[in-house]
Amino acid sequence: MTISERPSAQRFRFTRAVYEAGVVELGYAFDEGPELIERISFPGAPESVPEGRGVAFARALALLHGIAGVSYYKALLPPEIIVDGEPFDAALAALLEQVYLHGLGEFAHENHLDLRGRIHFPAGPAAHAASELGLPRRALVPIGGGKDSLVSVELLRQAGEPFAVTWVGRSELIRACAVATGQPMLAIGRELAPELFELNRQGAWNGHIPVTAINSAILVCAALLYGYDAIVFSNEASASVGNLEHGGIEVNHQWSKGLVFENALAEYIDAHIAADLRYYSLLRPLSELAVAQRFAGLTRYHALFSSCNRNFRLLGERPSARWCGQCPKCRFVFLALAPFLAKPALLAIFGRNLLDEPEQIEGFEALAEFGAAKPFECVGEGRESRAAFARLAERADWREDVVVRHYAEAIAPAIAPPPDIATLLAPHGSHRIPERLWALLA
Amino acid sequence: MVQCVNHLATDRSPVVDPSTPFVVLKFGGTSVSRRHRWENIAHLMRERLAAGQAVVTVVSALSGVTDALKAIAALHRDAAAMAAAAEALIERHRSFAGELGLDPEILEARAGRLRQLVADPRAPEGGHAWQARLMAEGELCSSTLGAHFLRSLGLDVEWLDARDYLTSREQPIQTEWMRYHSAQCEPRPSAAVREALLARARAFITQGFIAREGRGRTVLLGRGGSDTSASYFGALLGACRVEIWTDVPGMFSANPKLVPDARLLRRLDYDEAQEIATTGAKVLHPRAIGPVRETRVPLWIKDTERPALAGTEIVPEALQAAPSVKAVSLRNRITLVSMESIGMWQQVGFLADVFAIFKRHGLSVDLIGSAETNVTVSLDPSDNLLDAGVLEALCGDLAQVCRVKVIAPCAAVTLVGRGMRAMMHRLGELLAEVGARRVHLVSQSSNNLNLTFVIDEADADGIVPMLHAALVRARLTGADGDPVFGPSWQAIAGEEAPRLQRWWEERQRELLKLAAREPTPFYVYSGQTVAARAERLNALSAVDRRFYAIKANPHPEILRALAAAGFGMECVSAGELAHVQATLPELPPERILFTPNFAPRAEYVAALAAGVHLTVDNLSILADWPELFAGRPILLRLDLGRGLGHHDKVRTGGEKSKFGIAAGDLGEALALAHTAGARVVGLHAHLGSGILDIAHWKAVHGELAALAERVPSVAVIDIGGGLGVPNEPGELPLSMAALDAALTEVKALYPRFELWIEPGRYLVAEAGVVLTRVTQVKRKGQTRFVGVDAGMHTLIRPALYEAWHEIVHLAALAEPGQERVQVVGPICESGDVLGEDRLLPPCNEDDVLLIANAGAYGAAMASRYNLRGLPVEVYRDDL
């Protein structure tokens with residue numbers, strides 16, 4: 001058996017986007033090929049869009065259609081992009097060009113591609129300004145089964161904010177975390193067009209896509225359908241930091257979790273979808289370490305959550321069913337929690353001691369940005385890892401562990417002293433958090 | 001009120017004989033939360049009263065109530081929330097009173113007390129004394145309800161306040177928390193208390209979990225406190241026995257959830273029971289044993305649902321039997337503290353100083369191992385240890401006197417049995433199993449009661465079933481005729497495998513005829529059994545493709561039968577590939593999967609030329625022979641790092657370790673495949689063989705899917721083979737419906753992937769038997785040998801894997817066995833034993849024996865060793 005040539009196409013078409021009875025259908029096509037249909041289902045949503053929100057929803061749907069297209073576009077990267085119906089408004093076209101170019105930054109780097117100058121969305125006229133829709137005051141909080149969103153959940157609860165937790169796609173693990181929050185839950189279904197898998201099998205381009213951007217657009221639709229006036233993500237400061245530069249563009253694995261995207265989307269929503277729908281990240285001014293510190297106290301989630309980049313969706317009782325122990329995410333979460341938890345409590349979460357395994361040295365060096373680039377993962381900055389290491393090297397219960405010793409003996413002497421951990425815990429930097437919630441972080 | 005009427009209706013004897021023996025019964029939360037359970041309690045009390053005994057019944061709070069009270073205590077700063085939660089709890093009890101047919105007003109006093117407590121001025125502070133007093137209400141309420149209900153049934157029951165009888169004592173190192181939440185009493189047998197009680201009545205109900213401290217304040221007895229209360233009452237009253245009624249039949253030789261064939265332990269002495277309770281068994285809190293041990297009161301564990309079952313008796317002297325391992329248990333989350341320093345042990349008082357540091361931090365040391373320059377101790381996973389700062393501070397202090405290293409998380413595997421050292425020589429297999437893991441500490445106490453290994457927690461998966469099986473094989477646990485061991489858990493739970501009718505039992509005469517025709521030893525394959533197994537696998541709706549692993553049995557007729565049933569063929573060598581192509585010339589290459597391991601390059605070339613699916617299980621061939629894989633779809637075989645594979649030493653040294661690419665190297669493998677121009681279309685993992693545990697399949701399927709999801713080109717997940725076949729009598733067969741449900745569940749979470757399986761043994765093992773003739777018999781000392789013409793050259797599995805194959809006397813299937821014999825072959829190897837200690841009817845020269853479950857890896861692995869020739873194989877589709 002041999003594999004066929006990589007499939008190709010001249011044009012990527014946005015064919016249609018419709019909402020009916022709780023289901024959004026998004027249509028795409030390559031050239032004159034069959035339509036690829038993605039379905040997003042909103043359980044218990046109204047049959048048709050609630051009155052007064054029709055215009056806003058149409059724009060939200062266009063936003064979703066545009067952003068979700070990135071999964072398909074990137075498969076063949078045709079030179080031309082066409083919108084079959086009404087073109088995207090000018091602001092949206094500009095936003096989409098950003099999302100596609102930067103959101104596919106890692107993809108381009110990994111596939112040795114240069115996408116600059118390749119992505120052009122035909123722009124229609126400017127959209128009219130959005131009005132206030134009188135959305136009920138309650139928030140949608142997306143959770144992913146990891147520590148960050150659970151920290152947000154607890155902050156909002158503490159502030160007495162009304163909110164529901166939500167997630168996209170099926171996952172027993174996320175559901176278990178959602179149940180543990182005790183908040184109302186909204187599980188949104190998403191089915192990619194099966195033809196995309198077929199294209200992948202035939203050797204289409206593949207790689208990282210800006211999934212947070214897609215989920216954000218899905219939640220904008222959800223907010224209008226169910227009536228929520230805020231979408232609260234849990235992205236931290238470090239998400240805005242790039243991993244490396246590729247062809248003159250900073251490549252950031254988590255670009256759609258960064259502040260640039262957050263600002264761009266929030267401004268577009270405010271200007272063209274709904275003036276009373278806020279989109280922000282509650283943890284934006286926090287470092288990964290500050291989030292880890294807060295999560296350390298949330299013991300009720302410790303046996304449930306997973307930030308491992310193997311997408312574990314099954315519920316497993318054993319730590320090995322939630323943590324592979326071999327990826328940068330496992331290493332970073334382990335390291336970031338270590339300064340804030342009793343050692344046995346941390347080891348109970350992971351079922352093993354990653355810092356006492358010699359084969360992990362290289363992986364931890366990469367986290368500390370020592371001799372290697374920051375890995376393409378949603379992990380904290382190098383200085384955060386270094387600060388955590390410096391703290392552990394002082395602790396008698398950690399300092400004999402092989403990786404900690406390696407830090408003390410081989411890394412620390414070769415680098416500038418990292419900042420004290422305490423200085424990394426204070427909120428800093430730009431954010432879009434409403435005034436009334438700011439006190440939660442300060 | 002109902003209670004008064006019934007009070008009068010009882011035949012209360014005015015004077016009770018002061019020598020009346022007491023029995024203490026204890027019932028937990030689930031046993032007191034339903035009406036029919038209370039009726040059962042009444043029945044059990046009556047039985048004992050009728051036997052001339054006096055009864056004290058100790059009860060826990062209703063299910064969930066202690067947690068609810070704990071939650072109320074946690075709300076101590078929020079008076080309104082506390083009050084609301086208290087009302088909900090009162091309502092729960094009132095409604096249960098209704099269910100019991102009682103007037104809810106009987107609870108008014110208790111409800112009033114609860115309301116008082118949440119409104120108590122001490123509440124906002126949430127102090128331990130207040131918390132303990134609040135928590136005590138659970139048992140006070142349940143016992144009040146119980147007293148009224150029992151009286152309504154006509155039992156003359158007196159309600160006792162347990163706090164009037166149990167007084168806690170000060171502990172040497174006692175925090176406030178311990179004083180109120182984990183109190184200990186030291187009741188002495190008291191004739192005065194006995195007499196005072198007998199002067200009042202013969203039946204009593206009281207509370208578990210609660211006592212009073214010296215100044216009269218309510219204290220709690222901690223986890224498992226109700227068992228401890230029962231034990232205290234047993235000691236106080238010099239009872240003839242304490243019966244702990246619970247929802248399991250007793251203590252087992254291993255956790256029945258992990259080991260379904262674990263055996264009920266009928267009788268243990270206090271020390272053994274204490275050891276088992278401390279090292280893992282959850283059925284009885286270890287604290288409950290001390291008080292009855294002191295006073296030599298027997299303690300019975302009884303199953304509420306199975307009152308007729310004997311349960312476990314814990315008594316001063318165990319049954320006299322040969323030394324045996326009573327139980328194997330596992331404790332996770334053990335922390336080791338290793339202290340290293342040169343020559344320090346010579347210093348007088350050094351160890352005392354070290355242990356003083358542990359004491360200062362409130363940590364109690366469990367196991368100890370020492371060498372000239374190292375002392376290592378273990379700490380149990382106490383709440384204290386999980387407090388941020390405690391271990392850190394301990395290590396900081398220890399670091400002043402030695403080099404200290406924390407080794408965690410560890411698991412302690414303990415074998416319990418009196419006379420452990422006398423059994424050491426029979427622990428060979430078990431020690432090999434343990435030794436394949438990272439062992440950090442071994443401990444054996446001089447009382448010769450236990451043997452504990454502390455290993456890496458990550459290596460502890462599956463170790464209990466493995467060790468239990470090794471103990472059974474060594475006849476150290478559950479040996480025939482050992483009175484300590486009762487029925488197995490699965491027998492008690494009615495989950496014991498039904499005795500399956502084997503095809504060869506029905507075909508006895510035809511097989512005997514065959515044996516008269518063919519020269520023995522030879523194999524017979526039942527085509528109908530192969531077809532039946534294929535049908536079962538075809539019924540798995542979650543599975544998209546099935547490949548038969550032909551290495552199990554490449555007999556051409558079997559290949560044809562399975563190909564006709566829709567199976568593809570999985571080959572591991574060019575020879576197998578050629579055999580499949582010759583046998584099944586019509587089979588398209590896409591129904592063939594080539595999964596070699598360390599095969600020479602030419603075999604890959606041949607397979608690629610044939611255009612079959614190819615699985616690569618080595619990074620270096622992707623790097624070294626990229627031109628071979630250019631333009632090819634490939635599957636990658638991964639080692640998921642489960643169980644033993646996780647361990648480096650085993651990975652490089654163990655026999656399983658040469659397979660697969662470490663899951664952590666997947667990224668590198670993808671990069672190499674990319675560079676070579678190959679496309680990774682599938683991920684494969686083989687889990688091992690003989691796996692009967694559905695959860696294991698589900699977990700591995702889920703893990704593989706989680707990995708595969710990051711590789712967009714992957715369309716196929718291949719979970720390999722390893723479907724278990726019940727081997728020994730009593731093993732439950734794998735439920736195909738349950739397996740399908742589990743796989744379907746995972747598939748729904750990861751809908752993108754096709755699911756492939758590659759069973760071998762499952763399809764053919766049961767279909768094949770060896771027929772062999774008795775050559776000669778021999779008696780040597782106590783051992784009797786039955787020699788047969790089959791041997792390790794015919795069937796090597798017993799010698800190679802210590803596999804157990806059933807052996808029967810074919811002409812005398814219905815005859816009971818008379819003698820235990822060694823069934824041996826004619827090969828000049830001491831390992832040529834086909835069956836050890838088999839109970840067979842008398843065997844004579846030329847009698848035909850049948851060796852069952854030999855269809856897989858039987859003839860396929862036969863050899864010409866000793867030039868005895870290869871066995872003939874007979875395939876019959878009419879059998």
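## Helix crossing of α3(B) and α6(B)

A crossing of two helices is termed left-handed if the near helix is turned anticlockwise from the far one by less than a right angle, and right-handed if it is turned clockwise. In this predicted model, the crossing of α3(B) and α6(B) is right-handed. The axes of helix α3 (residues 65–74) and helix α6 (residues 128–135) of chain B come within 9 Å and cross at roughly 145°.

On the α3(B) side, the contact is formed by Thr66(B), Leu69(B), Lys70(B), Ile72(B) and Ala73(B). Gln131(B), Leu134(B) and Met135(B) contribute from α6(B). By class, the residues of this contact comprise five nonpolar, two polar and one charged.

## Six-stranded sheet

Chain B contains an open sheet of six strands with antiparallel pairing, in the order β15-β16-β14-β17-β19-β18. Its edge strands, β15 (365–371) and β18 (439–443), each pair on one side only. From one strand to the next, the twist averages 30°.

Within chain B, strand β14 (residues 327–340) and strand β16 (residues 374–379) pair in the antiparallel sense over six bridges. Val337(B) has Val377(B) of β16(B) as its bridge partner. Helix α11 (residues 270–279) of chain B lies across β14, β17 (403–416) and β19 (450–456), and runs at about 130° to β17(B).

Arg110(B) belongs to helix α5 (residues 108–118) of chain B. This residue counts as partly exposed because it has 18 C-beta neighbours inside 10 Å, whereas a buried residue would need 20 or more.

Leaving aside residues up to four places away in sequence, Arg110(B) touches Glu137(B), Leu140(B), Cys141(B) and Thr144(B).

Methods. Residues numbered from 1 in each chain as written. Chains lettered and ligands numbered in written order. Predicted model: local features only at pLDDT ≥ 70, side-chain atom pairs only at ≥ 80, totals over all residues. Helix = DSSP H or I, 4+ residues; strand = E, 2+ residues; numbered from the N terminus. Buried ≥ 20, exposed ≤ 12 C-beta atoms within 10 Å, placed from the backbone. Contact = placed C-beta atoms within 7 Å. Axes fitted to C-alpha atoms, helices over the stretch in contact; angles between N-to-C directions. Nonpolar A, V, L, I, M, F, W, Y, C, P; charged D, E, K, R; others polar. Pairing = 2+ DSSP bridges.
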